[in-house]
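This report describes a predicted model. Please consult the sequence and structure shown here while reading.

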Amino acid sequence: MTDISATAPLDPARLPFEPLMQRNAVISEAPWVRRTLIGVAILFLAGFLLLPLLSVFAAALGKGLGAYFASFNSADTQSAIRLTLIAAGIAVPANLVFGLCAAWAITKFEFRGKQFLITLIDLPFSVSPVVAGLIYILIFGAQGWAGPWFSAHDIKVVFAVPGIVLATIFVTFPFIARELIPLMQELGTDDEQAALSLGASGWQTFWHVTLPNVKWGLLYGVLLCNARAMGEFGAVSVVSGHIRGLTNTMPLHIEILYNDYQFVPAFAVASLLALLALVTLAAKSVLEWRFADQLAATRRH
Amino acid sequence: MLFAGQVGAAQLLNASYDVARGFYKDLNPAFIADWKKHGGADLSIDQSHGGSSKQARSVIDGLEADVVTMNNPLDIDAIAKAGLLPADWQKRLPNNSSPSWSAILFIVRKGNPKGIKDWDDLVKSGVQVIVPNPKTSGNGRYSYLAAWQYARSKTGGSDDTAIAFEKKLFGNVPVLDTGGRGATTTFAQRGIGDVLLTFENEVGLIRDEFGADKFEIVVPSLTVRADNPIALVDKVAAKKGTTPIAQAYLQFHYTKAAQEIFAKNGLRPIDAAVLKAHAADFPALNLFDVEQAFGGWSKAQADHFADGGSFDKIIANAHP
């Protein structure tokens with residue numbers, strides 16, 4: 001293990017932090033300034049984040065618990081939930097493998113085009129999701145360059161499940177790699193070199209040295225990746241075809257229900273997505289609280 | 001599990017416009033029952049709904065719809081241009097392949113507080129009009145053409161006065177939604193605007209969903225007939241081997257039973273007897289036709305809605 005305490009801001013021996021912070025006049029503001037700032041921040045968050053979130057649940061439960069749970073009985077809703085789980089279930093593992101490979105390659109080796117690879121990984125962050133969807137229409141659509149071949153072989157890509165999975169993979173591409181790269185850069189290659197010099201194989205080094213070192217950062221990336229995979233709207237909307245019961249994911253289905261004036265079911269499905277977000281946040285907080293040191297490197301970017 | 005419906009039973013996909021959802025929820029089970037009664041094999045019909053032009057685009061890009069059911073012929077023409085169905089598709093079924101039609105009406109808030117009775121009231125200052133974008137929705141296009149036709153049929157009216165009229169009208173539009181449903185939500189759910197321009201069938205739906213006592217219908221002195229054409233997408237159906245079922249499905253739209261379902265959903269049936277039976281739901285209208293008044297849809301599209309058309313010029317000046 002790298003000596004993590006060396007990179008921590010304060011030596012643990014100088015604990016406790018709190019009294020030290022309060023006595024230090026240089027880094028502390030007048031009490032009223034502090035209270036005002038904290039108050040403004042909390043009011044802002046409550047107004048712009050908490051209130052809208054609560055209103056989703058309020059609208060979902062507007063006609064009682066019975067109506068809320070009845071919303072999930074519809075076959076189309078269930079198929080939307082199923083499709084979302086399938087898409088995330090394929091996209092997240094795919095990006096997990098890719099993210100690990102990319103981070104490994106970028107941080108452990110020197111090679112030409114490395115900077116280009118890093119830029120490419122960031123591409124989905126900078127490209128609008130609509131463009132991400134259109135890319136696949138341009139390739140696999142009936143007028144696209146690969147579309148006619150696939151069509152001739154009776155393989156449906158766009159306006160079917162494979163297109164939705166592809167679009168989801170595209171937009172969630174960077175999450176895991178971006179989480180791992182700074183962390184692995186921080187850790188360096190010392191541990192791996194030690195393992196290799198002691199006779200470990202490449203695979204053993206990865207499995208017993210690298211992976212345990214990055215596991216919490218990896219989990220954190222998976223959580224973020226999963227949240228986005230389930231919530232993606234734009235790119236998936238372009239390639240979906242919106243066939244009820246077949247190619248609608250949860251976010252698309254919410255829009256359809258809303259436009260069909262089915263407000264309770266729409267918000268009920270929305271609340272399910274919101275719950276997922278809350279669980280993700282809770283898991284993320286636990287991770288941050290429990291493994292702050294190992295995640296510290298990733299929070300710097 | 002996910003693909004359960006695709007095995008064994010024949011499967012039709014109907015790519016349709018935004019507000020036809022309620023109608024096909026009723027029509028599809030009726031057709032399936034009828035199909036089976038006449039010895040047809042097991043069948044399921046999937047629906048895809050969206051803005052009419054967006055749906056046409058998806059079919060062109062490879063959405064494998066056996067049939068398309070739209071709210072204006074232009075979008076089916078676009079599919080024909082892509083080679084998926086013949087250019088003379090309108091001749092293949094009765095009444096130019098349109099088994100039903102609707103018209104643009106006004107819907108106002110209870111008591112009609114702004115006293116809106118006709119097109120002239122929409123261009124008064126202080127009146128907010130909700131209408132979807134004519135570039136992206138059939139609904140918006142019909143509303144635009146109806147306003148145009150009204151302005152130029154007035155005494156002393158011409159294409160020039162029509163342009164001035166449209167400028168004033170779109171100057172009164174606070175939100176330009178991309179589709180009919182979005183416009184309805186803006187007006188009825190979010191409470192924006194004094195009057196909504198929309199299809200007659202949407203009017204009934206709004207009253208059902210948001211309460212009949214909250215809104216009133218205003219029938220203007222002149223409005224536009226909006227045919228709802230349907231067509232087989234030959235190439236897709238041939239590839240999937242569903243041509244006979246798809247054709248039967250389209251023909252079913254013209255049966256008495258289907259015409260009744262149209263009427264029940266606020267769409268005007270072409271069957272005179274059925275229309276008469278529902279006369280109370282369908283007030284008499286003074287109508288014009290896009291084919292006659294504007295020299296066909298292709299011409300109307302090129303003159304008004306294509307890039308650089310009259311709408312582009314109007315919207316550039318409408319909001320100072």
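The text below covers the chain contact, a sheet and a helix pair.

**Contact with chain A**

In the predicted model, 17 residues of chain B are in contact with 21 residues of chain A. On the chain B side, β2 (43–50), α2 (52–60) and α8 (180–189) each supply at least two residues. The largest share of that side, five residues, comes from β2(B). By residue class, the side of chain B that touches chain A has four nonpolar, seven polar and six charged residues.

**Sheet**

In chain B, four strands form an open sheet with mixed pairing, in the order β2-β1-β3-β9. The edges are held by β2 and β9 (230–232) of chain B; each has a single partner strand, so one side of each is left without a neighbour in the sheet. On average, neighbouring strands are turned by 20 degrees against each other, direction ignored. Strands β1 (residues 10–17) and β3 (residues 67–69) of chain B pair in the parallel sense over three bridges, and S16(B) has T69(B) in β3(B) as its bridge partner.

**Helix packing**

Two packing angles are listed here.

| Elements | Angle |
|---|---|
| α2(B) and α3(B) (residues 73–81) | about 15 degrees |
| α1(B) (residues 21–37) and β2(B) | about 165 degrees |

The axes of α2(B) and α3(B) lie 9 Å apart, at an angle of about 15 degrees, which makes α2(B) roughly parallel to α3(B). Their crossing is right-handed. In this contact, S52(B), S53(B), A56(B), V59(B) and I60(B) of α2(B) meet D75(B), A78(B) and I79(B) of α3(B); five of these residues are nonpolar, two polar and one charged. Helix α1(B) packs on the sheet, where α1(B) touches β1 and β2 of chain B.

How values were computed
Residues are numbered from 1 along each chain as its sequence is written. Chains are lettered from A and ligands numbered from 1 in the order in which they are written. This is a predicted model: local features need pLDDT of at least 70, side-chain atom pairs count only at pLDDT 80 or more; totals for chains, interfaces and linings use all residues. Two residues are in contact if their C-beta atoms, placed from the backbone, lie within 7 Å. Ala, Val, Leu, Ile, Met, Phe, Trp, Tyr, Cys and Pro count as nonpolar, Asp, Glu, Lys and Arg as charged, and the others, Gly among them, as polar. Axes are lines fitted to C-alpha atoms, for helices over the stretch in contact, and angles run from 0 to 180 degrees between N-to-C directions. Angles under 35 degrees count as roughly parallel, over 145 as roughly antiparallel, 65 to 115 as roughly perpendicular and the rest as oblique. A crossing is left-handed if the near helix is turned anticlockwise from the far one by less than a right angle, and right-handed if clockwise. Two strands pair if DSSP finds at least two bridges between them.
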